[in-house]
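Please open the model in your viewer, colour it by secondary structure, and keep the selection panel at hand. The stops below say what to select next and what is there.

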Amino acid sequence: MGSIDQVVWFQKYCGLARKSNINDTLNLENRDNKEKKLISSKTSDEDAYDYNPFVHKLFQIGSELGNEAFYITFLPFVSWNIDEYICRRLILLWVFCMYAGQGIKDILCWPRPESPPVIRLEKIYESEYGMPSTHAIAGVVIPFSLIYFSYGRFQYDLVYGILFHILWTSLVCFSRVYRGMHSFHDIVAGISVAFFVTALWLPYLDITLEMFLASSNAWIIILIIPMLMIYVFPTQCMETRNDTARIICVGCGCTLAAWNMYYIDQVPLPEPYKNAPVAMFSSGFIPWVLFGASRFIIGVAIIVPIKICLKTLIHSFFNFMNSEDGKTTDRKADHIFVIPYLFITYTLIGYSAIYVAPKAFEMVGLIL
């Protein structure tokens, strides 16, 4: 069974199929590629499919665990309400694993499963290549980091942590096959990249991070390295490059904030292990939820306006710089302003999440 046949089989096994009247119109054997794309686009609406509502929603949620909206909310939440020590290491490991995966994807240039016969439920990543699955990479790295860096700092049974990791990773990986975005080969490749880069980078993570935070000139290196990473990135697909730039710049902003905190503000570095593991919800679950929700709302109220305002300001600036005879050349400006916009905006988002938001929490008395 080929990789595409496996995807089709899995979708049918999970209850996803085209409605019968749609199937009758999809006799594609003698049609050219242009006709295939036309028919595929017309039948991409979920109303054109039969599916199990529970499975469909479950895999939709699983797929969202690898999208920007999740990263930009979940990662700050970990820093604000769980442990900043864990979050900083999670972000760095996530950045390097995702950079490797995105780079390999643009080098190999392997297409996603062909649709049809595969039912593709997403359009957002269609312009990107498929091998390896970066959703699978994130689906491995994020739960692994949460467990690896929290064990010994919080009280919980490791068995539950391993089970949590397996469930999270499985949900993300199978969701990508169900939604027609990856084959099982893409998933296995993504998992392999995640484990390889993690095994390679993990022993040096603490040493590298502490060296950066203790140096007076570290901020220069923290800014230059992401620029170089973006510059040398393979650019077969602009969308992949832009996604990679977002990830790198978030990591840059978070590291810059950590340097500001520990070198300039002289806040002591947190120890790898606390004096003794503490309870996950030492003050009670309900108080923790209310406390965490308050910090989360304030933090999001800081981050979201930054993204909106910077996009507007930078776009307007490049429109003005590229105007001809008083008329704005939007297409030209859009092409030029993307990388500066991404670098400035997402670096500032990462910086604000780790440094500015906690300062705001202190001002209103929401201190851990």
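Select C109 to begin, which lies just after helix 6 and takes a positive phi of about 60 degrees; helices here are DSSP runs of H or I of at least four residues, strands are runs of E of at least two, and both are numbered from the N terminus. C109 has this positive phi although it is not a glycine, and its place is in the loop between helix 6 and helix 7. With a relative accessible area of 25%, C109 is partly exposed, where buried means under 20% relative accessible area, exposed means over 50%, and partly exposed lies in between, using a 1.4 Å probe and protein chains only.

Before going further, note that this is a predicted model, in which local features need pLDDT of at least 70 and side-chain atom pairs count only at pLDDT 80 or more, whereas totals for chains, interfaces and linings use all residues. Residues are numbered from 1 along each chain as its sequence is written, and side-chain values use heavy atoms, with hydrogens and water left out.

**Along helix 6**

Now select residues 84–108, which form helix 6. At the start of the helix, look for D83, where a side-chain oxygen reaches to within 2.9 Å of the backbone nitrogen of Y85.

Two packed helices are described by the angle between their axes and the distance between the axes. Axes are lines fitted to C-alpha atoms, for helices over the stretch in contact, and angles run from 0 to 180 degrees between N-to-C directions; angles under 35 degrees count as roughly parallel, over 145 as roughly antiparallel, 65 to 115 as roughly perpendicular, and the rest as oblique. Helix 6 passes helix 9 in a right-handed crossing, a crossing being right-handed if the near helix is turned clockwise from the far one by less than a right angle, and left-handed if anticlockwise. To see where they meet, show side chains including Y85, R88, L92, F96 and I104 in helix 6, and V193, W201, L205 and L213 among those in helix 9; contact means heavy atoms within 4.5 Å.

Return to the loop between helix 6 and helix 7, where S115 is found. At 17% relative accessibility, S115 counts as buried, and its C-alpha atom is separated by 10.0 Å from that of V8, 107 residues apart along the chain. P132 is found in this loop too, and a cis peptide bond, with omega of about -5 degrees, joins M131 and P132.

**Helix 7 against helix 8**

Select helix 7 together with helix 8 (residues 158–178), whose axes come within 8 Å and cross at roughly 165 degrees. The two helices are therefore roughly antiparallel to each other, and their crossing is right-handed. The contact is made by residues including H135, G139, P143 and I147 of helix 7, and L158, F164, W168 and R176 of helix 8.

Which residues does D243 touch, not counting residues up to four places away in sequence? Select D243 in helix 11 (residues 238–264), and show Q102, Y125 and E128, which D243 touches. D243 is buried, with a relative accessible area of 14%.

Then move to M229 in helix 10 (residues 218–231), which is buried, with a relative accessible area of 12%. Leaving aside its neighbours within four places in sequence, M229 is in contact with Y99 and I248, and the C-alpha atoms of M229 and T244, 15 residues apart along the chain, are separated by 9.3 Å.

Finally, zoom out to the chain, which has 13 helices and 4 strands, and in which buried residues make up 48% of the 368 residues.

Notes. Expected span 1.5 Å × (residues − 1). Polar contact = N/O pair within 3.5 Å; in protein donor to acceptor, adjacent residues only side chain to side chain.
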